[in-house]
Amino acid sequence: MALELWWGSGSPYSWRALLALEYKRLSYVSHLVQFAKQEHRSPQMLQMNPRGRVPVLKDGDYVVFESLAILRYLDRKYPEIPIFGTSAEEEGTITRVICEYQSYAEDHLAKLIYAILFQGIEGHMEEIERALNFVIAEARTIENRLASSSWLVGEAFSAADIVIFPGIKQLLRVLERREAEDLRARLLPLDANFPAIAAWIGRIEALPGYDKTYPPHWKEKE
Ligand SMILES: N[C@@H](CCC(=O)N[C@@H](CS)C(=O)NCC(=O)O)C(=O)O
């Protein structure tokens, strides 16, 4: 029975699932859910994920949601092209890098993106500045890892790259907005300030199947 993925355009969590499926060369039925039409909250979706969020993966009768759980499931079920390494040590380090990102970067990144997109920068500069400082510190940590290695962990693309890449791409896209002009200069140009991250982004964009994972509504606006 075919794998099926329900996902949303521009959702960094959905992007993780798409990257894993493409990198593992798995065939799947793609269901692009329209947030504007509240399709993620349809009775069918709520039955699969009562939280009404994407991504959701279905494999036969088995349903799994939460992007990290999807990555773990796919790797255990379809181990041929691994994303959690090939040794216990690699798996430990990949999981550690993911946990560090989730613990120390993700909330600050989300705060920054939310402020630029929805809240507005004016009147919130203090908290934005704080979030930005955390994001810059974590970006430095990532930059240092990538300065001596092509991928975040070990010699191959892994779940660590998959988890972190979409958040960074989303931030870069949001920084292009006029409202983010003052913040932009703190991080960009990426090539000059974070050259290893810029090269890593290029490597991921060159992976086979990458184009199929790129948020379709981002293409429309380019
Ligand atoms: N922790 C979840 C987060 C999933 C999530 O928040 N998805 C968003 C899209 S980026 C969503 O479906 N939002 C719909 C809503 O909140 O109504 C994961 O890793 O999969």
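Modeller: A polar contact is a pair of N or O atoms within 3.5 Å; within protein, one must be able to donate a hydrogen and the other to accept it, and sequence neighbours count only if both atoms belong to side chains. This is a predicted model, in which local features need pLDDT of at least 70 and side-chain atom pairs pLDDT 80 or more, while totals for chains, interfaces and linings use all residues. Residues are numbered from 1 along each chain as its sequence is written, and side-chain values use heavy atoms, without hydrogens and water.

Colleague: How far is an oxygen atom of the ligand from an N or O atom in the side chain of H40?

Modeller: The distance is 3.1 Å. For the side chain of R41, the distance from a ligand oxygen to an N or O atom is 3.2 Å. A ligand nitrogen lies 2.9 Å from a polar backbone atom of V54. The protein covers 77% of the 510 Å² of accessible area that the ligand has on its own (Shrake-Rupley method, 1.4 Å probe).

Colleague: Which residues are around the ligand?

Modeller: A residue counts if one of its heavy atoms lies within 4 Å. Here they are S11, P12, Y13, F35, H40, R41, G52, R53, V54, P55, E66 and S67. Five residues of this shell are nonpolar, four are polar and three are charged; Pro and Tyr count as nonpolar, Glu and Arg as charged, and Gly as polar.

Colleague: Where are cis peptide bonds found, and what is omega there?

Modeller: Most peptide bonds are trans. In this chain, a cis bond joins V54 and P55, with omega about 10 degrees. P55 lies in the loop between α2 (43–48) and β3 (56–59), and P55 is also among the residues around the ligand. Another cis bond joins L188 and P189, with omega about 0 degrees. P189 is in the loop between α8 (181–187) and α9 (190–193).

Colleague: Is the phi of R25 positive or negative?

Modeller: Most residues other than glycine have a negative phi. R25 is not a glycine, yet its phi is positive, about 55 degrees. R25 belongs to the loop between α1 (12–23) and β2 (28–33).

Colleague: How many helices and strands does the chain have?

Modeller: The chain has 12 helices and four strands, taken as DSSP runs (H or I, at least four residues, for helices; E, at least two, for strands) numbered from the N terminus. Along the principal axes, its C-alpha atoms fill a box of roughly 50 × 45 × 30 Å.
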